[in-house]
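Please look over the sequence and the model first, and then follow the points below, which are grouped by topic.

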Amino acid sequence: MALTAIKGFNDILPEESGRWHYIEQAARSIFELNGFSEIRVPVMEKTELFCRSIGDATDIVEKEMYTFVDKGENSVTLRPEGTAGVMRAFIEHKLYAQDPVTKLFYLGPMFRYERPQKGRYRQFHQIGAEITGVCDPLSDTQVLNMLVSFFHEIGLDEPSLQINSLGCPECRPAYRSALCLFLEERLESLCEDCKRRFGTNPLRTLDCKVPGCVEATKGAPSMLEHLCGDCNLHFDSVRHYLDLSTTPYSINPRMVRGLDYYTRTTFEVVTGLLGSQSAVAAGGRYDGLISQLGGPAIPGIGFAIGLERVALLLGQRDFTTVPDLFIATMGTGERDTAFRLMDGLLKSGVRVELDYECKSLKSQMRRADKLKARFSVVIGENEVKSGKASFKRMSDGSVTEVALIVDEIARTLKLQ
Ligand code: ATP
Ligand code: MG
């Protein structure tokens, strides 16, 4: 049987990688502008880290983790998300001792055992950012604005920002009871998963994508009506700063997140173009997480962007890079000249391709076309003798005579 990749694990082929670099570079430049530094943490952690942070009664921990026992009898898990590992490293290396405010970003693969479909895979990639050490709502808005700027920077203006507040351990229990009262009367219309969630994690029913559950939970009480005074003030302030920065957003009072550690501000960037894979980025505040993992009581807020979904939204744009010049030769006698030029031009930063196998001129030119080279040149005996050749601009066939001197060629190609 032919060996193929594991279901839900994708290859990113060369024609796709330009798109990924474009997305990653945009994120890096926006995050660095905002004072965030990259942190790289392992893709595998002790299972307990995810159970303690994400929460035992979440879809991720209940059904989606790649967990196994290693040869030393330790239960380990491929990370399903980035925040837990980053916060584990933050505590382990006492990063908070260096500066009371820490701004970190990460990027890399995440693993969840889900049903693969367009925009949903078992290995997928996230770029995420976290600020720790500040609970001021101003930092919530900076994080939101940074996320919106990222989408703007890569030219995606369709996905829109939705925000909500999930309250805090003070006010959420009363909301939970109010929601349970509401759900109790509609229990029969909920899917099997939500019937179970009713007992373990009732807020999750609001996030269920089964149409019957969406219908049954219409009109459910909203967390926003149950916020305590402090949470209310916080939410109002976040909105105030969003208005000050003229960032467009809407409030989605039904938004709950799939991870238990969130408090207060939660948000998603949503698209109408990817079916039920509508969230392209998501995040929230997690003021209790660091202490829950054994660190000091330090607040935090962050988000993760789903790169596959962003790549899908970028659509058909061409991100491949093309050679500046294709050097063809009439015969084997010109190989030395061609090689010397290629070597010199590469060293001066000109992207050059040539024919490696001494094929016919016709087949060399076919390759130049296929590679979409900007210029081509054919070197024969005459060109070697005269030290000059005709450089053809492939887009319009116009020809320029240039001396076969590396600097001359580099200068001419860069000017055109
Ligand atoms: P969804 O509701 O679509 O399952 P989620 O709430 O589980 O998303 P988060 O845990 O908040 O997602 O992850 C942040 C982002 O990572 C999502 O908004 C999405 O863009 C992306 N993402 C999450 N799971 C997957 C997956 N299985 N495949 C591809 N991208 C994913
Ligand atoms: Mg999910």
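Predicted model: local features only at pLDDT ≥ 70, side-chain atom pairs only at ≥ 80, totals over all residues.

Strands, as the word is used here, are DSSP runs of type E with at least two residues, and they are numbered from the N terminus.

**Domains**
- The domain assignment of the protein gives two parts, with domain 1 made up of 14-171 + 227-313 and domain 2 covering 325-415.
- Between the C-alpha centres of domain 1 and domain 2 there is a distance of 49 Å.

**The shell around ligand 1**
- Ligand 1 is surrounded by 17 residues, of which the closest are Arg-112, Glu-114, Arg-120, Lys-209 and Arg-257.
- At least two shell residues come from each of strand S6 (123-132), strand S10 (279-285) and strand S11 (300-306), and S10 gives the most, with 4 residues.

- In the side chain of Arg-112, an N or O atom lies 2.8 Å from an oxygen atom of ligand 1, while in the side chain of Glu-114 an N or O atom lies 2.7 Å from a nitrogen atom of ligand 1.
- Ala-279 takes part through its backbone, where an N or O atom is 2.9 Å from an oxygen atom of ligand 1.
- Ligand 1 exposes 590 Å² when taken alone, and the protein buries 93% of that area.

Key
Residues numbered from 1 in each chain as written. Chains lettered and ligands numbered in written order. Heavy atoms only, no water. Domains from an automatic or database assignment. Near = heavy atom within 4 Å. Polar contact = N/O pair within 3.5 Å; in protein donor to acceptor, adjacent residues only side chain to side chain. Areas by Shrake-Rupley, 256 points an atom, 1.4 Å probe, with all protein chains shown as cover.
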